Amino acid sequence: MIELAREEEPQPLLEEVPLAPLATHAVDAARGHWPAVPFTLRIAPEAADLSIPGVPARLSRLLTNLLDNAAKFSPPGAPVELSLNATELTVRDHGPGIAEEDLPYVFDRFYRAEKARALPGSGLGLAMARQIAHAHGAELTAERAPSGGALFRLALPAS
Ligand SMILES: Nc1ncnc2c1ncn2[C@@H]1O[C@H](COP(=O)(O)OP(=O)(O)OP(=O)(O)O)[C@@H](O)[C@H]1O
Ligand SMILES: [Mg+2]
């Protein structure tokens, strides 16, 4: 009753979430949503059985938000690459990338870079993604990929 009165959701139960299947499902779903985008998935052998304690639906949302951005902001036909190794998960694209001056703000609620404003969205996807990362003891950062494009890095919690 008190929980209802406070409009709080009961705490979801933590479970061991296997990351390779989670990434595989996220990429499969993204392929369905973005048929013109070639998604690639690389799971390092040492990450095949990796899992972290967490909430599967929230972690799926995090990955979906990153994959959706990569697909939305990069040109049709350019690959979007998800990689998982023992310490981090990365999503990298070959679009325009994020300008140096926008990098500090992309995780802010409602922030959308000048160039992004022609595309649909409200600027909440990355704020949500970072919040989910923090709730799992992970760190989500953005950078410019060496050969152009955006690179998002999810540093996994040390087990
Ligand atoms: N892969 C990317 N390439 C280039 N710019 C990006 C990329 N991902 C995010 N951005 C920039 O960061 C901003 C914030 O991203 P975010 O996902 O929070 O918002 P959005 O995609 O614009 O809207 P929403 O996610 O709410 O639909 C984007 O508007 C864009 O300027
Ligand atoms: Mg988004």
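Begin by selecting Arg112, which sits in the loop that links strand S5 (88-92) to helix H4 (125-135). Helices (H or I, at least four residues) and strands (E, at least two) are DSSP runs, numbered from the N terminus. The model is predicted: local features need pLDDT of at least 70, side-chain atom pairs count only at pLDDT 80 or more, and totals for chains, interfaces and linings use all residues. Residues are numbered from 1 along each chain as its sequence is written, and side-chain values use heavy atoms, with hydrogens and water left out.

**Around Arg112**

Arg112 is buried yet has no salt bridge, and Glu114, the nearest side chain of opposite charge, is 11 Å away. Buried means under 20% relative accessible area, exposed over 50%, and partly exposed in between (1.4 Å probe, protein chains only). A salt bridge requires a side-chain nitrogen of Lys or Arg within 4 Å of a carboxyl oxygen of Asp or Glu. For charge, Lys and Arg count as positive and Asp and Glu as negative, while His and the chain ends are not counted.

Which backbone oxygens does the side chain of Arg112 reach? Show the backbone of Ala116, whose oxygen is reached at 3.3 Å, and then that of Pro120, whose oxygen is reached at 3.2 Å.

Next, display the residues in contact with Arg112 (heavy atoms within 4.5 Å). Leaving aside neighbours within four places in sequence, these are Lys72, Arg117, Leu119, Pro120, Gly121, Ser122 and Gly123.

**On to His136**

Now select His136, in the loop between H4 and strand S6 (139-144). Is His136 buried or exposed? His136 is buried, with a relative accessible area of 11%.

**The whole chain**

Finally, zoom out and colour by secondary structure. The protein chain holds four helices and seven strands, and from the N terminus on its elements run α-β-α-β-β-α-β-β-α-β-β. Along the principal axes, the C-alpha atoms fill a box of roughly 50 × 40 × 30 Å. Of the 159 residues, 39% count as buried. Among contacts between residues at least 6 apart in sequence, 63% join residues at least 24 apart.

Note on methods: Chains lettered and ligands numbered in written order. Polar contact = N/O pair within 3.5 Å; in protein donor to acceptor, adjacent residues only side chain to side chain.
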